[in-house]
Amino acid sequence: MQGFIVQTTEMYNCNSLFLWSVCCFGGMQSATTSTVRFCTSLTLGRIRASVAAIHISAVDSSRRRGIRARFDPSTTQKLPEKKKSIDELVVPQAVRRPKNGMKLEFDGMENVSREVMGAKLDEFYRRSIIRQMAQENHMNGRLYQRAYTDFRSYCLDASLDAALQVTFSDIINHNQSVDTLFPFFLSHARKVFPHLESIDDLKLISDLTQPHNWYPEARTLHRKIVFHAGPTNSGKTYQALQRFTNAKSGVYCGPLKLLASEVYTKTNSLGVNCDLVTGEERLYAVDNFHPSAHLSSTVEMLSTQMKVDIAVIDEIQMLRDEQRGWAWTRALLGVVADEVHLCGEKAAIPIVQELLDPIGEHVDVFEYERKSSLTINTFGLGGFDNIQDGDCIVCFSRAAIFDTTKKLEKRGVKPAVIYGDLPPGTKLAQAAKFNDPDDPTTVLVATDAIGMGLNLNIQRVIFHSVNRPPNNELIPNYSALQIAGRAGRYGTTFDDGRAMTLKHEDIGILRDILSQPVADIEKVGIAPTFDQIETFSFHLPHASFVNLLDIFVSLCSVTEKFFLCTVDQIKSLAQEIDNIQLPLKVRYTFCTAPINADDKPVATAFKKMARRFSNGQPITFEWIHTDVLQWPKDKPSVIAELAELESDYDVTDLYLWLSLRYPDMFPDGDEVRAFSRQIDEYIQDGVDRIIELLNNSLRVKKPSHVKNNVPSTKSSRVNTEEGDVVSSKRKGKRRSVMEAIRNVLSPEELEELKRELRRADETSELKKS
């Protein structure tokens, strides 16, 4: 998620924190790939690597279409979008006209007509000295034009106030300069655009160039900073956690609930009481009246006021993340600990040193080597017939996951499935099945969600593709290294890890990506506190929350070492509830909820919760369970129903997140938590039967409420009653599966699945011929 920072006093004196919210590579197929398939495996790999290089060079001619050829680490970080200027963002306010304005009667007033006044106003507008004075008062050409247009209309109104009547009379009858209108114009412009009167204050409030000064408690200490740098599977986090468990008090900050929960469980199993705090959950080793001296939390939930002996900040390279980077920057600068242990990539060392140098804190660096071997193959897998136990096929879309699972099933392989939208419980259950040597599930199909947070016994990581949707961009090398590094876990059966691609023609590209050093991080994310946003709003009382965010981003200033984290997610949620009356802090809190605004069922439930909150009605379990999610429901029988359950789980997750912040308005946290576990069990059951769900989706007839291939918005569920089976011909199957999962996949994923079905058709026809 993305976001500003909200701070409220809660248990542990924690601040409730909320999220603020490249290379491209073409899909051309090498014409020469088929000519090298007669070679031996070693020669084959070398030739294919060469073919891939030729392929990359060929793409170089397509740069005018925005396609990059060779892998370049510097292109993997998105360039910041150009900020809009404030004059593009401010919304003019209506200026109230005087009621029953008094018409003055004195000599010369008969000469003050609308036509003459209009001519004098035009003369006023064209004066260069007027433009210059307007610019000195923060009006550029655009604002000057907009302010003048409104001022002219105001002046020519029949109910003009007395002072302006006298001024116009003096200009027309006594040859006074039109410049005498400027004080009236400036006063009017400041009413139309209130920010003009406080622009200097707004710039001062939005100055983010001194984030070190935001954390006075941390600045009272001279902290010892220890950086544990190393690749995946090097034991760097283990060393930091040893210091954590042996200390009198400590806090662990992880990137995921899964990691925070794992540290919480392991620490307590060692006989050291440790509590857990995530955005949606609080667990105590004893009870809430006896908080433990050790705390495991997600990084956003770190308190910058709680003093501990040892702090561990995991995955410190997440400083570069465009949405969540602010949380790691805040933790690095603000954690109140005598000793701070950072774990992550070597690429983060220079920027960490630069950030801490101004406050005089030295960084001790310990570098670790990978404990198990990792080999990058010189050839691709070549096909699913070559799959082995312990293989993990990494896909970058749900369409690829479904297609891969289907192909494995045809070969008698039942894989475990893990992707980002699954609940943590389902991910852990699937990981446990894959890791269990006695379980028949010996292959894993997953997205890049496996990059962190799950312990997996993987022998070979197989990249389904080296490009990621939706823009078909090349995988950044730091991401590819994180994924590939999951192969060969130390101390397991598969401690000799291998990484490869599914397609032969992609192996050269992958080797090129992984051979490049990860570029040093140059900038880190930053975000303001809620207090800054609230103070900002006092000067713009009529601005909507969305407009307020846009203006803040436009005016804020950061140094070259920082970038402002994206606010797109917050803005999307803010637009959903823009017409609902809520106090600023409540609105802000709602908009920083960690949900996907593009998931329409979740966004709809979010809006309903906000409206009910606005009306002062408690958001109860019964209301969520029955009215919003329309339970009870059956276990999923098709993919569309599995996706519906995933959305239901996200709604309960949102409830639990809000219940920790507004327990009086969300009073049924325990009931909703039990309900979310039930949904999780349904999802686990569906994922375990993923092949069955895919087959059912292929056989489902188009629902009666769907006409002309347009899916109904009334329900995402599909009719699976007896008799609703269409012809088993491939074209019929294709139509029915598209109808069944049209609401599940993005347009890009849908097109990818269509291409896979077409390729399957072509293969089938070739076999017949």
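# Close-up views of a predicted model

**View 1. Six strands form an open sheet in the order β9-β16-β13-β10-β12-β11, with parallel pairing.** Two strands count as paired if DSSP finds at least two bridges between them. The edge strands are β9 (373-376) and β11 (416-418), and each pairs on one side only. From one strand to the next, the twist averages 20°. Residues are numbered from 1 along each chain as its sequence is written, and side-chain values use heavy atoms, with hydrogens and water left out.

**View 2. Here are β13 and β16, side by side in the sheet.** Strand β13 (residues 460-463) pairs with strand β16 (residues 496-501) in the parallel sense, over four bridges. To find one spot in this pairing, look for Val461, whose bridge partner in β16 is Ala499.

**View 3. Two helices meet the strands of the sheet.** Helix α15 (residues 424-435) packs on the sheet and touches β10 (391-394), β11 and β12 (444-446). Its direction makes about 145° with that of β11. Helix α17 (residues 507-515) lies across β9, β13 and β16, and runs at about 125° to β16. Contact means heavy atoms within 4.5 Å. Axes are lines fitted to C-alpha atoms, for helices over the stretch in contact, and angles run from 0 to 180 degrees between N-to-C directions.

**View 4. Asp391 and Arg460 form a salt bridge.** The term stands for a side-chain nitrogen of Lys or Arg within 4 Å of a carboxyl oxygen of Asp or Glu, and the structure holds 26 of them. In this one the closest N and O atoms are 2.7 Å apart. Asp391 sits in strand β10 and Arg460 in strand β13, so the pair links parts of the chain 69 residues apart. Both residues are buried, meaning under 20% relative accessible area, with exposed over 50% and partly exposed in between (1.4 Å probe, protein chains only).

**View 5. Glu300 and Arg324 form another salt bridge, with the closest N and O atoms 2.8 Å apart.** Glu300 is in the loop between β5 (294-298) and β6 (308-313), while Arg324 is in the loop between β6 and α12 (325-334). Glu300 counts as buried because its relative accessibility is 7%, and Arg324 is buried with a relative accessible area of 13%.

**View 6. Helix α22 (residues 600-614) packs against other helices.** Its 15 residues reach 21 Å from the first C-alpha to the last, close to the 21 Å expected; the expected span is 1.5 Å times one less than the number of residues. Among its buried residues are Phe606, Met609 and Phe613. The buried residues of α22 pack against α20 (568-576), α21 (584-591), α23 (621-628) and α24 (639-661). After the helix comes Gly616, with a positive phi near 75°.

**View 7. Helix α25 (residues 669-688) has 20 residues.** From first C-alpha to last, α25 reaches 28 Å, close to the 28 Å expected. Its buried residues include Phe675, Ile679 and Tyr682. The buried residues of α25 pack against β11, α15, α23, α24 and α26 (690-699).

Notes: This is a predicted model: local features need pLDDT of at least 70, side-chain atom pairs count only at pLDDT 80 or more; totals for chains, interfaces and linings use all residues.
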